[in-house]
Amino acid sequence: MNDHTPGPWHSMRYTDTGTLAVSTDMGHHLAEVVRDHYGTALPDAANARLIAAAPGMLAALKLALFGVTRDYEVNGEIDRHAITGVLRAAIATATQEDANR
């Protein structure tokens, strides 16, 4: 059982206020990300992407742990491609980088 709202989550900027929010595919609002905190500019877009990537990162960590501790095997061999693919996708979601780098 999940203790959190299932992903995927997405970051989006409201055009009327400029506020960044993190929401589900169903449009459920999960969080707002502040741009300014007591006069200190914060990287709100990067912070929102990182928050939105949390469900994917959790899934990637679980798969990586499973692969490392139980030899995630396909045809008798550890499927490193599957594990690295999920990890790269989670990192790409959080950083807006190319997942194939």
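Colleague: What makes Asp44, Ala48, Arg49 and Ala52 in α1 count as buried?

Modeller: Buried means under 20% relative accessible area, with exposed over 50% and partly exposed in between, using a 1.4 Å probe and protein chains only. In α1, Asp44, Ala48, Arg49 and Ala52 are buried. Asp44, for one, has 8% relative accessibility, so it counts as buried. One caution: this is a predicted model, where local features need pLDDT of at least 70, side-chain atom pairs count only at pLDDT 80 or more, and totals for chains, interfaces and linings use all residues. Residues are numbered from 1 along each chain as its sequence is written, and side-chain values use heavy atoms, leaving out hydrogens and water.

Colleague: Why is the pair Asp44 and Arg13 called a salt bridge?

Modeller: The term asks for a side-chain nitrogen of Lys or Arg within 4 Å of a carboxyl oxygen of Asp or Glu. Here the closest N and O atoms of Asp44 and Arg13 are 3.2 Å apart, so the pair meets the cut-off of within 4 Å. Asp44 lies in helix α1 and Arg13 in strand β1 (residues 9-13), so the bridge ties together parts that are 31 residues apart in sequence. The structure holds one salt bridge.

Colleague: Is Arg13 buried or exposed, or in between?

Modeller: In between: at 35% relative accessibility, Arg13 counts as partly exposed.

Colleague: What makes up the largest nonpolar core?

Modeller: Six residues: Trp9, Leu20, Val22, Val33, Ala48 and Ala52. Both β2 (20-24) and α1 supply at least two residues of this core. A nonpolar core is a set of buried Ala, Val, Leu, Ile, Met, Phe, Trp, Tyr and Cys residues joined through side-chain atoms within 4.5 Å.

Colleague: What makes Thr24 buried?

Modeller: Thr24, in strand β2, has 9% relative accessibility, so it counts as buried. Beyond its neighbours within four places in sequence, Thr24 is in contact (heavy atoms within 4.5 Å) with residues including Trp9 and Leu30.

How values were computed: Helix = DSSP H or I, 4+ residues; strand = E, 2+ residues; numbered from the N terminus.
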